[in-house]
Amino acid sequence: MNRLETQVVHGGREDLGELGVHAPPLDRSTTYPLHSLALGTEEIDELAAGGHPRSSPIYARLYNPTVARWERAIAGLEHADEAVAFGSGMAAVTATLLAAGAAGRHVVALRPLYGGTDHLLASGLLGTRTTWATPATVAEAIEDDTALVVMETPANPTVALVDIAAVVAQAGEVPVLVDNTFATPILQRPRDHGATWVLHSATKFLGGHGDTVAGIVATDRERGRALRQVRIATGAVLDPQAAYLLHRSLPTLALRVRAAQDNASELAKRLDGHRGVARVLHPSLPECDPDGLVGRQMDGPGAVLAIEVAGGEVAAARVMEAVELVTPAVSLGSTDTLIEHPAGLTHRSVDAEAHAAIGITPGLLRVSVGIEAVDDLWDDLERAILVAAAG
Ligand SMILES: *Cc1c(COP(=O)(O)O)cnc(C)c1O
């Protein structure tokens, strides 16, 4: 298999030479001509079972060739047999819970998680009953009826690192879902550490330009079929135009992630010990990686950091008002830098009593670092922090 830098450029483009084109075509058909009823019937049976069509996609909710190109590329990057795309990251989380048979059953989940995932599990909307665990208590949280273990690393919003292989070992027979949104396959391939399901909010780094909402899940052949069945039944498809944009963004993924990661590491270093900042969270700082997972599990510390500003919520709100180059906004993984307040925004739906235990403090700000010149980012952030500290 080619190296990552080659895979991102060539994945999902294997047949372009044969087609005689250089850029992938965009297929927006909602339906496809069926001149043989017998073949069409056979094809429908295969698609309904979660397979790939041989001659015709039949209907756009069942299958789309442009979406399938991007799925093939992501499956390769995540060392998986299959990847299945959805209309959003949350649609991907929902489909995975359904495909894993977790509806009406027990789930073990490690906090912190993305606020939406936390809410979906805590609300019991899909009939799941959730036990919240820490990396040390997964084994004791497992029950006979546990269908799935859910984790993120680096976790949203504190960028806490979790040892995937250690969680997989504790989970025993129970499959583990790793949300790999923050790391991307450039920095971490959870299936190499035993994860069964690997999920992305592609709205973030995979899309990378702040203009596309999508989700994708990479897994083995059999579970890929289960995911496609759920996608057909629930209609949570990805629009082909969005898939085209996501595939268009993929060749620069490694460049973007590494450039943003370099900026994040430099900012973390400068912020650490700054008088307006009480605490900096970024896996490049030794105290944020006590188990030495960077280098072992991750190929780098990633491009998201968090800071706890001195002065709590009031100061945090002032920083968000004072930034000029950096955009105060939720979401992450874009080419530009975003700053947001997890307690008040992205993680507002998370049980308030759990906030302190998982590190979502009133003064915490999450920074998704972009690929701008690092000195411009520093000038803007430091000025905003000093304005906030001055009251
Ligand atoms: C944003 C996000 C999601 C949800 O994705 P959407 O595309 O917004 O539905 C899930 N997990 C993580 C880690 C996220 O950051």
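User: Happy to dig in! At about what angle does helix H12 run to strand S9?

Analyst: This is a predicted model, in which local features need pLDDT of at least 70, side-chain atom pairs count only at pLDDT 80 or more, and totals for chains, interfaces and linings use all residues. Residues are numbered from 1 along each chain as its sequence is written, and side-chain values use heavy atoms, with hydrogens and water left out. Helix H12 (residues 253-271) lies across S8 and strand S9 (304-309), where helices (H or I, at least four residues) and strands (E, at least two) are DSSP runs numbered from the N terminus, contact means heavy atoms within 4.5 Å, and angles run from 0 to 180 degrees between N-to-C directions of axes fitted to C-alpha atoms, for helices over the stretch in contact. The angle between H12 and S9 is about 20 degrees.

User: Which strands stand at the edges of the five-strand sheet, and why is one side of each without a neighbour?

Analyst: The open sheet has the order S8-S9-S12-S11-S10 with mixed pairing; two strands pair if DSSP finds at least two bridges between them. Each edge strand has a single partner strand, so one side is left without a neighbour in the sheet; these are S8 (277-281) and S10 (327-328).

User: Now the seven-strand sheet: how many degrees does the twist average from one strand to the next?

Analyst: This open sheet runs S1-S7-S6-S5-S4-S2-S3, again with mixed pairing. Strands S1 (82-86) and S3 (129-133) are at its edges, each with a single partner strand. From one strand to the next, the twist averages 20 degrees.

User: What is the bridge partner of Ala109 in S3?

Analyst: Strand S2 (residues 106-110) pairs with S3 in the parallel sense over five bridges. In S3, the partner of Ala109 is Trp132.

User: Which strands does helix H10 touch?

Analyst: Helix H10 (residues 221-234) packs on the sheet, and its direction makes about 20 degrees with that of S1. The strands touched by H10 are S1, S6 and S7.

User: What radius of gyration does the chain have?

Analyst: The C-alpha atoms fill a box of roughly 75 × 50 × 35 Å along the principal axes. For 391 residues, a compact globule would have a radius of gyration near 21 Å, taken over C-alpha atoms with the rule of 2.2 Å times the number of residues to the power 0.38. The chain agrees, at 21 Å.
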